Amino acid sequence: GSYVCSFVFLLIVLVSIHTRSCNAEDFHPERTLLMDYYPRTNTTSRPRNFLFRGNMPIINGTFGYSSVVDTMRKVATANKLTIPDSFIFVDVSYLNIFEEKDLKIEKDFFKANPDRGRFYNKVIVGTVIVPPEDHPDFIKKYVKIYIEDSFDKIPDLMVFIRELLTGVESKSVVIYTHCEAGTDRTGEISGAYYMKFLNMTFTDALQIDNHIQHRDMYHDSRNALQWYCFYLHFIEGFDSLKCQV
């Protein structure tokens with residue numbers, strides 16, 4: 001009974017985590033995008049905090065702090081924005097236990113350089129379960145339980161990221177979110193942010209996620225993003241997301 005269900009759930013999570021372990025990649029500047037900034041005003045005042053997405057910030061086995069910062073500055077400039085000279089670098093990594101080597105590089109960098117910023121590890125696995133689009137009543141009935149009890153805890157992560165972006169600290173905050181490739185797990189969480197905070201539809205979010213590299217995002221990341229779209233629609237009252245494709 002319950003033991004079997006628990007075992008099956010654990011097995012699905014472990015398989016998903018292992019599946020999400022992409023081949024290790026070095027930093028690719030072209031995959032770095034500015035997602036949001038705060039505050040957004042119509043005045044001449046400059047934004048204080050910034051939110052970026054990208055891929056693994058490692059170059060030849062070391063944390064590529066300077067290269068990542070230079071890239072974020074260039075991307076901000078291309079968007080007619082300026083990152084302050086002094087800021088707190090917040091590294092939000094979606095890696096898992098099968099990527100411990102890369103995780104250790106990140107952790108060790110901020111442990112050795114606490115003045116540069118801080119590191120958070122938020123493991124993302126996606127889901128192999130495809131939302132049954134043809135059965136909206138079923139989705140409406142179970143989506144709250146499914147999303148809020150899922151491994152990824154996307155609603156909680158949205159609160160976490162948004163509080164980082166809008167918080168007031170001693171310096172500006174520059175957030176860099178990533179997985180290995182910058183497309184799948186990063187696409188799942190970035191897409192969720194686009195829909196919840198930037199008024200994008202599910203299709204709009206996919207259009208960005210599917211063009212980070214020369215391929216679409218993996219199905220388990222897309223599935224999780226679509227489940228969250230239905231969660232926003234049925235539970236949080238978003239009425240223009242167009243979750244069905």
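These legends describe close-up views of a predicted model. Local features need pLDDT of at least 70, side-chain atom pairs count only at pLDDT 80 or more, and totals for chains, interfaces and linings use all residues. Residues are numbered from 1 along each chain as its sequence is written, and side-chain values use heavy atoms, without hydrogens and water.

**View 1. The buried face of helix H7 (residues 202-209).** Helices (H or I, at least four residues) and strands (E, at least two) are DSSP runs, numbered from the N terminus. Phe-202, Ala-205, Leu-206 and Asp-209 are buried (under 20% relative accessible area; exposed is over 50%, partly exposed in between; 1.4 Å probe, protein chains only). Seen down the axis of H7, they fall within an arc of 100°, so they line one face. The arc uses directions from the helix axis to the C-beta atoms.

**View 2. A salt bridge between Asp-36 and Arg-162.** Here a side-chain nitrogen of Lys or Arg lies within 4 Å of a carboxyl oxygen of Asp or Glu. The N to O distance is 3.2 Å. Asp-36 sits in strand E1 (residues 33-38) and Arg-162 in helix H5, 126 residues apart. Asp-36 is buried at 3%. Arg-162 is partly exposed at 25%.

**View 3. A salt bridge between Glu-169 and Arg-118.** The N to O distance is 2.6 Å. Glu-169 lies in the loop between H5 and strand E7 (172-178), and Arg-118 in strand E6 (residues 117-121), so the pair ties together parts 51 residues apart in sequence. Glu-169 is partly exposed at 27%, and Arg-118 is partly exposed at 24%.
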